[in-house]
Amino acid sequence: MVPETARFILNRNSEPPHVLHREDCPTIQHQVRGDARIEQAGGVEVLETYEDGLELVGPGDGTHRSHYQASYVGIDELATVGRYRRCKACAPDVPEGPPPAQVSLKKAETLSASDLGRVTVDGEIERIKHAKAGTVVTLTTGKRLQLQEGETVAFPRKLRE
Ligand SMILES: [Zn+2]
């Protein structure tokens, strides 16, 4: 498992859902280093001319100069950053967003009568039938979830504030 102190980088420059990277991901090192980010708009211009004929040339007006910035996210903060997707290059060892804190999972074989009437992310549970082949959960909507042993039913959970 990932240590509790692990932190990741959420690339907020990307289109949502933002991409989550490991800190050592090669595709995000410009943000880790804080590289200068210069967007040329106005070209260069002569800022100063010296007696010996040398010129000091700098970015012209309209040049936007900023630095890349890494947006660090601790593993305990993942639940609060909203939807994200995992970078394919570094494949951080975290669940694919949306974050797991939004649902609590219960294994199919542990469902019991006390779960009747509970509302899953798919709908309210009307019937639970355990059989050799697995568990069939029937929802009040008529939808049936066919679950193998170890598969889970997701119940919405309130997000932490
Ligand atoms: Zn990455």
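Me: Which residue is the bridge partner of I9 in β2?

Reply: H21 is the bridge partner of I9 in β2. Keep in mind that the model is a predicted one.

Me: What makes β1 and β2 a pair?

Reply: Two strands pair if DSSP finds at least two bridges between them. Strand β1 and strand β2 (residues 18-22) have four bridges, so the pair meets that definition. The sense of the pairing is antiparallel.

Me: How many bridges join β1 to β7, and which residue in β7 stands opposite F8?

Reply: Three bridges join β1 to strand β7 (residues 72-74). At least two are needed, so β1 and β7 count as paired. These two strands run antiparallel, and F8 has V73 opposite it in β7.

Me: In which sense do β2 and β8 pair?

Reply: The sense is parallel, over three bridges. V19 has R85 as its bridge partner in β8.

Me: Why is the pairing in the sheet β7-β1-β2-β8 called mixed?

Reply: Strands of a sheet pair through backbone hydrogen bonds, either parallel or antiparallel. In this sheet, β1 pairs with β2 in the antiparallel sense, while β2 pairs with β8 in the parallel sense. The pairing of this open sheet of four strands is mixed.

Me: Which strands are the edge strands of this sheet, and what makes them so?

Reply: They are β7 and β8 (84-86), each of which pairs on one side only. Neighbouring strands of the sheet are turned by 40° against each other on average, direction ignored.

Me: How do you know that β1 is mostly covered?

Reply: A residue is buried if 20 or more other C-beta atoms lie within 10 Å of its own. In strand β1 (residues 7-11), four of the five residues are buried. For the chain of 161 residues, 15% count as buried.

Me: What makes a set of residues a nonpolar core, and which residues make up the largest one?

Reply: The residues must be buried, be of the nonpolar kinds, and be joined through C-beta atoms within 7 Å. The largest such core has eleven residues, including F8, I9, L10, V19, L20 and V73. β1 and β2 are the elements that give two or more residues to this core, and β1 gives the most, with three. Apart from it lies another core, of six residues, among them L111, I125, L147 and V153.

Me: Which residues does L10 touch, leaving out those up to four places away in sequence?

Reply: L10 touches H18, L20, S71, V73, V81 and Y84. Contact requires C-beta atoms within 7 Å.

Me: What is the order of the strands in the sheet of three, and which lie at the edges?

Reply: The order is β10-β11-β12, in an open sheet with antiparallel pairing. The edge strands are β10 (125-131) and β12 (144-147), since each pairs on one side only. Neighbouring strands here are turned by 15° against each other on average, direction ignored.

Me: How many bridges join β11 to β12?

Reply: Four bridges join strand β11 (residues 134-139) to β12. At least two are required, so these strands pair. V136 stands opposite Q146 in β12.

Me: How many helices and strands are there in the chain?

Reply: The chain has one helix and 13 strands. Its pattern along the sequence is β-β-α-β-β-β-β-β-β-β-β-β-β-β.

Methods:
Residues are numbered from 1 along each chain as its sequence is written. This is a predicted model: local features need pLDDT of at least 70, side-chain atom pairs count only at pLDDT 80 or more; totals for chains, interfaces and linings use all residues. A residue is buried if 20 or more other C-beta atoms lie within 10 Å of its own, exposed if 12 or fewer, and partly exposed in between; C-beta atoms are placed from the backbone. Two residues are in contact if their C-beta atoms, placed from the backbone, lie within 7 Å. Axes are lines fitted to C-alpha atoms, for helices over the stretch in contact, and angles run from 0 to 180 degrees between N-to-C directions.
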